[in-house]
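Subject: Structure handover

Hi,

Here is the structure I promised to pass on to you. Have a look at it first, and then read my notes below.

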Amino acid sequence: MHRTTTATKRTKFSDSIVSEVLRLAKYEWFRMNRRPAFIVLCILAELAILVPAVVAVIVLNLDFFSDVGEGEVESIRNALEFSFVPFNAVAMCVGALIFGADFGTGGYRALYTRGASRIAVPLSKVAFIFLVLAGLLVIGWTLSLVVSNIATLISDGSIYACTDCVDSVSLTGRALPGVAFWSLLGAGLAYWGRSTTLGVGAGFGYYFLSGIIQPALALGFTLQWDIDLGPFLHWLPENLVAAFFNADSAYIDYWLSGLGALAYCVAIAAFVLWLSKTRDLAPPR
């Protein structure tokens, strides 16, 4: 009887958390779609996918490039490969904005004073971030396909032959761990520093420095001591993400790369939940 009662209580608790997370995520949408910064970031995310697709179609249909094969300049796939670098940067800003905006306005304290759970609030923000970014990816892919068709019809009167559309869906799926990591990194830094600016600034600092320091470090060790740092540096999140996205790695299994990237996402989410439970969330003075 006691075990049944305990199980029932746990079920009710989990159900209440889920319903509260969904309710708060809906509240996030109500607030964020009225913020100019959020709207601008969503537009930039769509342009990050749309502009490379348009450029690829234009290049494909120029007479100067007529000797280049269709497979080499396939619009959607090439557009996605170019798009995810700026899209990840926008995802980081979205995560930082959603988690950091409530500090300046005292939104966290207002929610907690009304009885909101310290677990449900950050979880609702994480859920909202993922829903927004997934929606932007789907919309961006669809718009790219529509614009590619229109551009091809205008240029040569035929329908755009998307020979890699199925492969581009797979490519989008493989990019999700990277999008999730960078958005959660921006969110975690903003939540830790209680500032949207810190989340964006520190996130971008890591984003660019990892692309400079890491290759320089690897090259220095190879030239100076003939030591290959690849197996060790590969476990950095951006390398795991890149290996899973490109389905190619010299040091680690393809699926293990994806699981490693997701492990970083889980660690950041756990860090955010720990902060929410243990620290006062007043804005910095």
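Of the 285 residues of the protein chain, 42% count as buried, where buried means under 20% relative accessible area, exposed over 50% and partly exposed in between, with a 1.4 Å probe and protein chains only. Please keep in mind that this is a predicted model, in which local features need pLDDT of at least 70 and side-chain atom pairs count only at pLDDT 80 or more, while totals for chains, interfaces and linings use all residues. Residues are numbered from 1 along each chain as its sequence is written, and side-chain values use heavy atoms, with hydrogens and water left out.

The chain has ten helices and zero strands; both are DSSP runs numbered from the N terminus, helices being H or I with at least four residues and strands E with at least two. Along the sequence the pattern reads α-α-α-α-α-α-α-α-α-α.

Now to the core. The largest nonpolar core contains 53 residues, and Phe38, Phe87, Phe99 and Tyr191 have the most contacts inside it. By nonpolar core I mean a set of buried Ala, Val, Leu, Ile, Met, Phe, Trp, Tyr and Cys residues joined through side-chain atoms within 4.5 Å. Helix 3 provides the largest share of this core, with 14 residues.

Helix 3 is also where you will find Asp102. Asp102 is buried, with a relative accessible area of 1%. Its side chain makes a polar contact of 2.7 Å with the side chain of Arg31, and a polar contact of 2.7 Å also joins the side chains of Asp102 and Lys125. A polar contact here is a pair of N or O atoms within 3.5 Å; within protein, one must be able to donate a hydrogen and the other to accept it, and residues adjacent in sequence count only if both atoms are side-chain atoms.

Pro177 lies in helix 6 and is buried, at 8% relative accessible area. Pro177 and Ala242 are 65 residues apart in sequence, and their C-alpha atoms are 9.5 Å apart in space. Gly188, also in helix 6, is buried at 7%. From Gly188 to Gly100 the separation is 88 residues in sequence and 9.2 Å in space, C-alpha to C-alpha.

The largest pocket has a volume of about 430 Å³. Of its 19 lining residues, Val85, Asn88, Tyr207, Glu238 and Ala242 are the closest to the centre. Helix 9 gives the most to this lining, with six residues. On a 1 Å grid over the protein atoms alone, a pocket is an open set of points where a 1.4 Å probe fits, with protein on both sides within 12 Å along at least five of seven lines, and lining residues have an atom within 4 Å of a point. Grid points are joined across faces, edges and corners, and the volume is the space filled by probe spheres set on the points.

Finally, helix 10. The 25 residues of helix 10 (residues 254-278) should span 36 Å at 1.5 Å a residue, and the end C-alpha atoms are 37 Å apart, which agrees; the expected span is 1.5 Å times one less than the number of residues. Buried residues in helix 10 include Ser257, Ala261, Cys265, Ile268, Val272 and Leu275. At its start, a side-chain oxygen of Asp253 reaches to within 3.2 Å of the backbone nitrogen of Trp255.

Best wishes
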